[in-house]
Amino acid sequence: MTTPDIAARRALVACAALMVGAFSLTACGGSANATDDGKGGKESARTSAAKIAISAKDGSTGASINATGVKVSGGRLTQVKMTVAGSGQAVPGAISADGGSWKPKQQLERGTKYEIDATAKDADGRTAAANSIFTTVSSANSFIGTYTPDDGTTVGVGMPVSFTFDKAITDKKAVQSHITVASSSGQQVVGHWFGNQRLDFRPQDYWKAGSKVTMKIDLDGVEGTNGVYGVQKKTVSFTIGRSQVSTVDVGTQTMTVVRDDKTIKSVPISAGSPQHTTYNGQMVISEKFTQTRMDGSTVGFGGEYDISDVPHAMRLTSSGTFIHGNYWYKKGNPPFGREGTSHGCVGLADVQGAQGDTSAKWFYDNSLIGDVVIVKNSPDTTVAPDNGLNGWNMSWSAWNAGSAV
């Protein structure tokens with residue numbers, strides 16, 4: 001027989017059990033039929049199908065200055081903001097037409113801290129967000145190659161592709177294999193290393209006139225030496241102009257200019273004196289200056305000359321050989337074409353101020369960077385292949401022997 005007190009306690013226990021069950025259902029069960037249509041429907045537990053991926057991982061310290069960007073799957077990017085961390089300076093960029101990616105408009109700076117904040121939406125309008133704070137690869141841990149010729153230029157038939165790297169390269173094969181140079185002429189192009197920081201490319205013979213040369217640089221992330229990575233990724237194209245090869249005969253003190261296999265001019269010159277002879281060999285014009293200063297002390301002389309306005313100067317070697325105008329030629333000397341009186345350069349008759357109808361001005365106006373000047377019959381030695389852009393003074397077999405691939 002149950003007493004009234006015992007019956008009351010059982011009723012309270014049963015009620016408590018029902019209340020616990022009710023709390024459990026509310027707290028953990030939710031509604032299986034809940035929807036989120038964005039118009040007042042019940043809240044959904046589902047997350048956005050849009051998945052954002054930022055290529056530079058949060059906290060990374062060696063991010064690419066070329067490949068950093070944002071991609072999304074399962075949705076479209078709605079906003080991407082990139083800034084220089086700390087300063088808040090905005091980095092311009094653009095979302096692709098399909099909303100699937102974003103990238104900066106310009107190459108990033110090395111050794112710089114950046115922040116990216118990105119948002120996206122899926123097909124149902126649900127939002128996703130991601131961010132990353134990272135630092136690009138430092139100058140100490142990366143290398144860059146300064147190269148010539150520049151993109152879009154027209155150059156002479158002797159112009160090699162020449163890289164000078166800012167750090168010594170130990171894995172030459174890895175670096176060279178990520179630079180390709182090809183010509184529309186079909187000529188085989190081979191690379192040659194001069195030491196650990198310079199890599200030149202050329203065909204066996206001069207480039208074919210009118211051909212187009214394309215260089216693809218894919219060094220971003222390539223390890224050139226232990227812990228030091230490349231950062232360049234670009235394509236460069238240049239055009240080969242008409243063929244012009246000029247031959248300086250020191251024996252006769254004349255220069256003959258041949259364009260597209262036809263002699264177009266012969267001009268008197270003054271090459272190096274017997275005390276300061278001119279190199280023999282094939283030399284490529286690497287720079288042109290309407291006027292420039294020439295100071296003998298910068299190239300090993302003892303102050304014999306310092307001329308502030310040398311006209312129509314074109315560099316032939318990195319050691320200081322030029323073909324240039326000469327307005328200071330002594331009246332007591334034989335006229336041009338009779339005797340060599342320079343300190344190793346090739347002089348042409350000119351006037352001060354780089355004006356007037358002179359043979360120096362004519363040659364300057366009719367020359368391209370990359371044109372070839374050949375010097376012969378000088379008592380001097382042949383110019384070294386790496387003294388300027390003068391690898392043509394090396395046999396093809398020797399050139400190939402200097403390739404790392």
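The exercises below work through a predicted model of one protein chain, each with a solution in steps.

Residues are numbered from 1 along each chain as its sequence is written. Local features need pLDDT of at least 70 and side-chain atom pairs count only at pLDDT 80 or more, while totals for chains, interfaces and linings use all residues, and side-chain values rest on heavy atoms, with hydrogens and water left out.

**Exercise 1. The chain as a whole**

Task: state how many helices and strands the chain has, and what percentage of its residues count as buried.

Solution. Begin with the secondary structure, taken as DSSP runs numbered from the N terminus, where helices are H or I runs of at least four residues and strands are E runs of at least two; the chain has four helices and 27 strands. Next, take burial, for which buried means under 20% relative accessible area, exposed over 50% and partly exposed in between, with a 1.4 Å probe and protein chains only; 42% of the 405 residues are buried. Finally, with contact meaning heavy atoms within 4.5 Å, 64% of the contacts between residues at least 6 apart in sequence join residues at least 24 apart.

**Exercise 2. The surroundings of R242**

Task: locate R242 in the chain and find which residue's side chain makes a polar contact with it at 2.8 Å.

Solution. R242 sits in the loop that runs between β18 (233-240) and β19 (244-249). A polar contact is a pair of N or O atoms within 3.5 Å; within protein, one must be able to donate a hydrogen and the other to accept it, and residues adjacent in sequence count only if both atoms are side-chain atoms. On that basis the side chain of R242 pairs with the side chain of D371 at 2.8 Å, and also with the side chain of Q244 at 3.3 Å. Setting aside residues up to four places away in sequence, R242 touches V157, A209, R259, D260, N366, S367, L368 and D371.

**Exercise 3. Backbone angles**

Task: identify which two residues a cis peptide bond joins, and decide whether Q253 is buried or exposed.

Solution. As background, most residues other than glycine have a negative phi, and most peptide bonds are trans. The cis bond joins T148 and P149, with omega about 5°, and P149 belongs to the loop between β9 (145-148) and β10 (154-155). Turning to phi, Q253 is not a glycine but has a positive value of about 55°; it lies in the loop between β19 and β20 (254-259) and is buried, because its relative accessibility is 5%. N377, likewise a residue other than glycine, has a positive phi near 65°. This residue lies in the loop between β27 (372-376) and α4 (396-401), and N377 counts as exposed because its relative accessibility is 53%.

**Exercise 4. T68 and the second largest pocket**

Task: determine which element gives the most residues to the lining of the second largest pocket, and describe the setting of T68.

Solution. On a 1 Å grid over the protein atoms alone, a pocket is an open set of points where a 1.4 Å probe fits, with protein on both sides within 12 Å along at least five of seven lines, and lining residues have an atom within 4 Å of a point. The second largest pocket holds about 290 Å³ of space. Its lining has 21 residues, and those closest to its centre are A67, T68, G69, W102 and K103. β1 (51-54), β2 (70-73) and β5 (101-104) are the elements that give two or more residues to this lining, and β5 gives the most, with four.

T68 itself lies in the loop between β1 and β2 and is buried because its relative accessible area is 4%. The T68 side chain reaches the backbone oxygen of S64 at 2.6 Å. T68 and W102 are 34 residues apart along the chain, and their C-alpha atoms are separated by 9.3 Å. Beyond four places in sequence, the residues that T68 touches include S55, A56, P104 and F134.

Conventions: Grid points are joined across faces, edges and corners, and a volume is the space filled by probe spheres set on the points.
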